[in-house]
Amino acid sequence: MLVQNKVQGLRQQAKSCCQPRSHRRSLQVRASASTGSNLLQRLGRVLKDKAAGDFDRFVKGTSKTRERLGLVEELLAIWSLEDYETTLEELEEVLIAADFGPKTALKVVDRIREGIKQGTVKTADDTKAALKAAIVEVLTKNMQGGSAAKSAELVLGSEKPAVILVVGVNGAGKTTTIGKLAHKLGAEGAKVFLVPGDTFRAAAAEQLAEWGRRSGAVMGPFREGAKPQAVIGDCVTEAKARGDIDVVICDTAGRLHTAYALMEELEACKASIARAVGRQPDETLLVLDGTTGLNMLNQAREFNDSVKLTGLILTKLDGSARGGAVVSVVDQLGLPVKFVGVGETPADLQPFNPDAFAEALFPK
Ligand SMILES: Nc1nc2c(ncn2[C@@H]2O[C@H](COP(=O)(O)OP(=O)(O)O)[C@@H](O)[C@H]2O)c(=O)[nH]1
Ligand SMILES: [Mg+2]
């Protein structure tokens, strides 16, 4: 049968792209201060609410992943309750091929199987609804306070200035994402200070400065070859002393998660933020290149071990059929995805919404 042949092909692809899984990390639970600026508390929520009205852009940005998952529709078209096991097995393969990862794909399919056994899932439509519900469950279950709505928001605490540290490997999209974020925050009336913590590349500082000019952000001085922890410490201290800055966003140089000395340097960056503002950064965000699929899992684990991440940003979903990795990364790490990048403009940085994601992948 045609569908079975395609599933067979996907099985081969999946074998070559899946990484072995290791143990799950527990979620970092952050304390946030209860006094201070209303603006900071409002910002994360406002960004999220605004994006909810921008569903079309999200749908467009996930088109490649949706195409890859098109086989699910074909499977459901030949759905029969008598032979549900065959369909579920094939569904599992399709999910694995879209980078859901073997463990997460199994978990999702098991949820549907439970529904069938309990008699709540009978038709193809029920199966699709159960599939979406299972994906949303995986994306929300481990999250801070158990609430997807809360965890996917930017949590900026309430002490001015809020500080965001952005980390990741080279080319993941850190500087671009910071630029987009500065733009969004600026548009909401926040005064943003950008820290050029990538002291290796003048081009990175120039790239950041360009975003800063467009979004009305303040930019700290570029100090070529300086220690990033010194640059970050000085800039955060200055931002605090100015008194008018709402949010500081610290860029860092790309680094391989396997380079021990460079990971230690990141820990030092975090420590210098703590010294400057008397608390940990409000968000420590790892930017992951969405086109790398499940390879991002190991990266995320190493960065999390080193600097205790508070959230993830997945970029370039628009250029990737591997968007299913979002589900796997959340499932395996218990860290929320705060934003996804679905293109090059500021509007293409979208706060992540599990329901919208499931709906975009499997439209009605
Ligand atoms: N299509 C697309 N490209 C992106 C996205 N985010 C970043 N990029 C591109 O990825 C490349 C690397 O980005 P950059 O921010 O310099 O990465 P960095 O080394 O992590 O700072 C640039 O060409 C960006 O324009 C995205 O969401 N979609
Ligand atoms: Mg950069």
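Select Asp282 to begin; this residue is buried, with a relative accessible area of 4%. Buried means under 20% relative accessible area, exposed over 50%, and partly exposed in between, using a 1.4 Å probe and protein chains only. The model is predicted: local features need pLDDT of at least 70, side-chain atom pairs count only at pLDDT 80 or more, and totals for chains, interfaces and linings use all residues. Residues are numbered from 1 along each chain as its sequence is written, chains are lettered from A and ligands numbered from 1 in the order in which they are written, and side-chain values use heavy atoms, with hydrogens and water left out.

Asp282 sits in the loop between helix 13 and strand 5 (283-289). Helices (H or I, at least four residues) and strands (E, at least two) are DSSP runs, numbered from the N terminus. Now show the side chain of Arg279, which makes a polar contact of 2.9 Å with the side chain of Asp282. A polar contact is a pair of N or O atoms within 3.5 Å; within protein, one must be able to donate a hydrogen and the other to accept it, and residues adjacent in sequence count only if both atoms are side-chain atoms.

Next, select helix 12, residues 228-242. Its end C-alpha atoms are 21 Å apart, which agrees with the 21 Å that 15 residues should span at 1.5 Å a residue; the expected span is 1.5 Å times one less than the number of residues. Colour the buried residues of helix 12, among them Val231, Ile232 and Val236. What covers the buried residues includes strand 1 (162-167), strand 2 (192-195), strand 4 (247-250) and helix 13 (260-277).

Move to ligand 1. Which residues come nearest to ligand 1? Of the 17 around it, they are Gly171, Lys174, Thr176, Asp318 and Glu344; a residue is near a molecule if one of its heavy atoms lies within 4 Å of it. Helix 10 (residues 174-187) gives the largest share of the shell, four residues. Select Thr175: an N or O atom in its side chain is 2.9 Å from an oxygen atom of ligand 1. Then select Asp318, where an N or O atom in the side chain is 2.7 Å from a nitrogen atom of ligand 1.

Last, select Leu43 in helix 2 (residues 38-52). Leu43 counts as buried, at 0% relative accessibility. Leaving aside neighbours within four places in sequence, Leu43 is in contact (heavy atoms within 4.5 Å) with Leu156, Leu185, Glu188, Ala190 and Val247.
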